[in-house]
Amino acid sequence: MATFWCTEALPLAVTAMLPICLFPTLGIIPSQRLCPQYFLETNFLFLSGLVLASSIEEWGLHRRIALKVLTIAGVKPAWLILGMMTTSSFLSMWLSNTATTAMMLPIADAILESLFGDLESLKEKCKSTEDGDSEVINGQPTQMHSLPSVASEKQILSLEGMGAAEHADLRTAKEIRSESEDQMRLWKGFLVCIPYAASIGGTATLTGTAPNLILIGQLRNNFPECDVINFGSWFAFAFPLMLIFLLLGWIWIAFLHGGLNTRSCFKKCEQRTEEEAEAQALIEEDYRKLGPLNFAEGAISFFFVLYAVLLFTRDPKFVTGWSVFFKKGYVSDAVTGVIIVSILFFFPSQKPSLSWWADPKASNSPYVPLLSWKKAQEAVPWNIILLLGGGFAMAQACEDSGLASWIGGHLQPLSKVPPAAAMMLITAFVACFTEFASNTATIIIFLPVIAELASHVSVNPLYFMIPATVGSSYAFMLPVSTPPNSIAFASGHLMVKDMVKTGFVMNILGLLSVTLAINTWGLAMFNLDTYPDWARPLNRSASHASNSTL
């Protein structure tokens with residue numbers, strides 16, 4: 001299964017179903033115990049997040065949020081990169097990383113064309129540079145897809161642009177070429193910052209990316225007594241980590257691609273002022289076209305905030321949550337998510353009119369809920385649901401067959417390595433491996449082994465498992481590493497060397513950020529400096545025996 005997942009010889013979802021074919025027939029685990037692994041409560045939490053995200057996309061709330069943040073951030077290159085990264089990371093906490101990237105890239109394209117002009121014209125100005133820097137793919141010039149509204153907005157701003165063009169003609173060819181090269185670097189910086197920020201933002205919430213949910217499933221499979229990680233406690237740990245890494249990533253990307261260049265960021269010049277005014281006008285015009293917040297967007301905003309607050313406060317561990325009002329262990333994050341999402345299917349998308357109660361002849365608009373089942377069904381990536389289930393099934397079989405213990409026993413020599421060093425090595429290895437394979441498949445393969453390693457060396461399993469899970473989302477170097485990277489690369493004027501140069505340092509910054517987080521507030525939050533009772537072999541075997549009896 002690991003080979004098929006890494007090579008994608010079969011579709012990932014088909015490989016995930018192999019346990020149903022093979023494990024019962026080979027006498028490893030009966031199907032009655034195997035099949036329920038494909039739809040645990042973890043999958044329901046994931047499903048509720050996806051359905052809520054589809055309702056946000058249905059009513060365009062995500063676009064309103066993005067444009068509002070960009071309006072506040074301004075259009076100075078460094079601050080615009082920060083605004084793009086902040087917006088992308090926030091949206092990817094709740095939407096899929098792929099959907100976030102696909103939405104933000106055209107917005108960035110439209111803004112950049114207002115700032116720097118047409119992409120092809122910019123490339124022409126850089127022609128005198130070395131051929132190796134040419135951004136032509138397979139001999140054909142490529143062009144980004146811009147927003148449908150960009151053309152009309154450019155026409156509106158064309159008169160202002162003419163003055164800038166006239167001013168540009170007064171400069172020498174060397175000055176024009178130098179500035180064009182700076183602008184091209186900035187364009188590349190905008191392209192890479194969006195998918196990178198989406199990958200970083202997805203780690204902040206349990207539902208933000210699949211590996212986080214796989215961690216929960218593996219913990220419940222290997223350590224049934226562990227109740228340390230839930231939506232609230234994960235957010236309290238991962239959100240500060242996301243902010244630190246986002247800040248470091250912004251500084252690096254802005255520095256590498258010229259966003260912190262005083263000539264392109266802080267130098268006052270009439271031409272740049274006019275270009276920035278055009279870009280700011282474009283953003284504000286797009287935001288104005290959305291109109292005022294309508295009833296459906298307001299309702300979705302309310303349920304979105306309610307969803308986040310209820311999940312965060314259910315049992316945040318550092319304070320008493322509202323779950324104490326119910327029977328202990330009965331209400332989980334999955335229950336909370338499904339309750340909120342279920343309301344969307346009958347809550348009206350237009351403000352209800354009660355005038356027809358008094359006047360039967362009064363007009364009554366047709367009833368349309370916030371979300372239809374057809375839309376929700378289209379938005380759910382069932383292949384990922386099956387992939388999660390396949391990972392849980394494989395982990396269950398590894399545990400029952402004794403394979404996990406056997407592997408852990410052969411890793412005993414690693415007990416001589418200091419835990420902090422082992423944690424960094426594990427995280428670095430997972431981050432490198434996920435550059436070539438799906439992050440979901442990577443964490444499915446390695447988490448059971450990491451859990452057994454921690455048990456054999458008497459280290460809190462969370463000390464190894466949490467950094468490895470977060471590190472599996474830190475794939476920045478190659479276009480094939482993540483779907484967001486592929487979308488950015490498909491724009492046509494990013495080269496592999498551009499992503500490798502930026503992504504290599506991003507990987508190092510990510511490793512350092514995770515190491516800082518897990519050894520400071522993570523250590524205190526999860527008591528990682530002690531070996532917990534729930535991880536002891538006696539407790540684990542008793543819990544598994546109880547589950548088998550049930």
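This is a predicted model: local features need pLDDT of at least 70, side-chain atom pairs count only at pLDDT 80 or more; totals for chains, interfaces and linings use all residues.
Met84 touches Leu70, Met104, Ile107, Ala108, Ile111, Phe190, Cys193 and Ile194, leaving out residues up to four places away in sequence. The protein as a whole has 28 helices and zero strands, and buried residues make up 52% of its 550 residues.

- In soluble globular proteins, nonpolar side chains tend to be buried together.

**Whole-chain figures**

- Counting contacts between residues at least 6 apart in sequence, 81% join residues at least 24 apart.
- The protein exposes about 24300 Å², and carbon and sulfur atoms supply 66% of that area.

**The largest pocket**

- The largest pocket holds about 720 Å³ of space.
- Its lining consists of 33 residues, and those nearest the centre of the pocket are Thr98, Ile384, Asn439, Thr440 and Pro483.
- By class, the lining has 16 nonpolar, 16 polar and one charged residues.
- Six helices each supply at least two lining residues: H5 (41-58), H8 (97-116), H12 (210-222), H20 (382-401), H23 and H25 (483-489).
- Of the helices, H5 gives the most to the lining, with four residues.

- Thr434 sits in the loop between helix H22 (419-433) and helix H23 (439-456).
- Thr434 counts as buried because its relative accessibility is 0%, and the cut-off for buried is under 20%.
- Apart from neighbours within four places in sequence, Thr434 is in contact with Asn439, Thr442, Gly471, Ser472, Ala475 and Ser481.
- Asn439, one of these contacts of Thr434, is also among the residues nearest the centre of the largest pocket.
- Gln218 is in helix H12, a helix that supplies at least two residues of the pocket lining.
- Gln218 also has 0% relative accessibility and so counts as buried.
- Apart from neighbours within four places in sequence, Gln218 is in contact with Phe223, Gly391, Phe392, Ala395, Ile444, Leu447, Pro448 and Met465.

- Ser458 has a positive phi, near 55°, and is a residue other than glycine.
- Ser458 is placed in the loop between H23 and helix H24 (461-471).
- With 48% relative accessibility, Ser458 counts as partly exposed.
- Asn527 is not a glycine either, and its phi is positive at about 50°.
- Asn527 is placed in the loop between helix H27 (521-526) and helix H28 (537-549).
- The relative accessible area of Asn527 is 46%, so Asn527 is partly exposed.

**Pairs separated in sequence**

- Phe90 lies in helix H7, residues 77-92, and is partly exposed, with a relative accessible area of 32%.
- Phe90 and Ala198 are 108 residues apart along the chain, and their C-alpha atoms are separated by 8.0 Å.
- Apart from neighbours within four places in sequence, Phe90 is in contact with Ile65 and Phe304.
- Ala421 is in helix H22 and is partly exposed, at a relative accessible area of 31%.
- Ala421 and Thr515 are 94 residues apart in sequence, with 9.8 Å between their C-alpha atoms.
- Ala490 lies in the loop between H25 and helix H26 (496-519).
- Ala490 is exposed because its relative accessible area is 62%, and exposed means over 50%.
- Ala490 and Pro479 are eleven residues apart along the chain, and their C-alpha atoms are separated by 8.7 Å.

Notes: Residues are numbered from 1 along each chain as its sequence is written. Side-chain values use heavy atoms; hydrogens and water are left out. Buried means under 20% relative accessible area, exposed over 50%, partly exposed in between (1.4 Å probe, protein chains only). Contact means heavy atoms within 4.5 Å. Accessible areas come from the Shrake-Rupley method with a 1.4 Å probe; for residues, only the protein chains shown count as cover. On a 1 Å grid over the protein atoms alone, a cavity is a set of points where a 1.4 Å probe fits but cannot get out, and a pocket is an open set with protein on both sides within 12 Å along at least five of seven lines; lining residues have an atom within 4 Å of a point. Grid points are joined across faces, edges and corners, and a volume is the space filled by probe spheres set on the points. Ala, Val, Leu, Ile, Met, Phe, Trp, Tyr, Cys and Pro count as nonpolar, Asp, Glu, Lys and Arg as charged, and the others, Gly among them, as polar.
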